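User: I would like to learn how to read a few features of a protein model, taking them one at a time. Could you give the general idea for each and then turn to the case at hand?

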Amino acid sequence: TVHTITIQGENRVDRQEILDLADLSRPVNIFRVNLKTMEKQIASHPWIDSATVHRSLFSKLTIAVEEQHPLAIIRIENFPDMIINHQGVPFKAYEPEKDRDVVLPVITGLDLTSTDNFYHFEGPLFNAVLDLLQSRYRKNIISIHGDDLIGITIRTTGLFNPSLVPETTELPIRLGFDDYDRKLVKA
């Protein structure tokens, strides 16, 4: 019987949820545990990117999880809002009641593309949004609107001299498709 279960890397997903996904809420024979199946079951949680399970002597299981790193919320017409990770892949529907602690910029103006029944984002506009979100100004961005013709327009706070613009004032800035650091420094 499994006596010790160690879980590493959990932050957003709590221990009991991982145990339930791994079907370890009841006593289990350590030799009957299918490690690959357990890894897939744990990774089925939307906030878990990957999981590895190791069996060791003295009836011990070690579960290591890598959680998703949310980057932004994408709002698309006729779809529920989605949370994307740092690779730009949608991994979960945004649920305001459950995801209250998720404070992320909201992106509008992008369209999903389907390839082999897999939905994703692509193209120069989406790449421009990702570049901006991975810049040092990410924490100041409230929202991003993409337009195929004019590029990106952001709403931001806290980027400007507080004596000229109060820190809580939201300002729209048109940034186009590239060279964001230079444009934001100039602004």
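User: Which residue has its charged end over the ring of W47?

Analyst: Please keep in mind throughout that this is a predicted model. A charge is counted as sitting over a ring when NZ of Lys or CZ of Arg is within 6 Å of the ring centre and within 35 degrees of the ring normal. Here the residue is R12, whose charged end sits over the ring of W47 at 4.0 Å from its centre.

User: How should I read aromatic pairs, and how many does a search of the whole structure find?

Analyst: A pair of aromatic rings is described by the distance of the centres and the angle of the planes. The search of the whole structure gives two such pairs. One of them joins W47 and F91, with 5.1 Å from centre to centre and 70° between the planes, and it is edge-to-face. This pair links distant parts of the chain, since W47 belongs to the loop between helix 2 (35–43) and strand 2 (48–56), while F91 belongs to strand 6 (residues 90–93), 44 residues away. W47 counts as buried at 5% relative accessibility, and F91 is likewise buried, with a relative accessible area of 14%.

User: Why is the pair of F121 and F126 called stacked?

Analyst: The angle decides, because planes under 30 degrees apart count as stacked. The planes of F121 and F126 stand at 25°, with the ring centres 5.2 Å apart, so this pair is stacked. F121 is buried with a relative accessible area of 7%, and F126 is buried with 4%.

User: What is phi in N78, and is N78 buried or exposed?

Analyst: N78, a residue other than glycine, has a positive phi near 70°. It is found in the loop between strand 4 (70–74) and strand 5 (82–85), and with a relative accessible area of 74% N78 is exposed.

User: How do I read a nonpolar core, and how many residues has the largest one?

Analyst: In soluble globular proteins, nonpolar side chains tend to be buried together. The largest nonpolar core in this model has 28 residues, and those with the most contacts inside it are I18, L24, M38, I42, L61, I63 and I83. Strand 1 (4–8), helix 1, helix 2, strand 2 and strand 3 (60–67) are the elements that give two or more residues to this core. If its neighbours within four places in sequence are left aside, M38 is in contact with A22, L24, V33, V53 and L61. There is also a second, separate core of 26 residues, which includes F121, A128, L132 and Y137.

User: Which residues are in contact with L19, leaving aside its neighbours within four places in sequence?

Analyst: L19 is found in helix 1 and is buried, with a relative accessible area of 9%. Its contacts, with those neighbours left aside, are I5, I7, L24 and S25.

User: What is the radius of gyration of the chain, and how many helices and strands has the chain?

Analyst: The chain has a radius of gyration of 21 Å, whereas a compact globule of 187 residues would have one near 16 Å. Its C-alpha trace spans about 65 × 45 × 30 Å along the principal axes. The chain has four helices and 12 strands, and buried residues make up 42% of its 187 residues.

Key
Residues are numbered from 1 along each chain as its sequence is written. This is a predicted model: local features need pLDDT of at least 70, side-chain atom pairs count only at pLDDT 80 or more; totals for chains, interfaces and linings use all residues. Side-chain values use heavy atoms; hydrogens and water are left out. Rings of Phe, Tyr and Trp (its six-membered ring) pair if their centres lie within 6.5 Å; planes under 30 degrees apart count as stacked, over 60 as edge-to-face and the rest as tilted. Buried means under 20% relative accessible area, exposed over 50%, partly exposed in between (1.4 Å probe, protein chains only). The radius of gyration is taken over C-alpha atoms; the globule rule is 2.2 Å times the number of residues to the power 0.38. A nonpolar core is a set of buried Ala, Val, Leu, Ile, Met, Phe, Trp, Tyr and Cys residues joined through side-chain atoms within 4.5 Å. Contact means heavy atoms within 4.5 Å.
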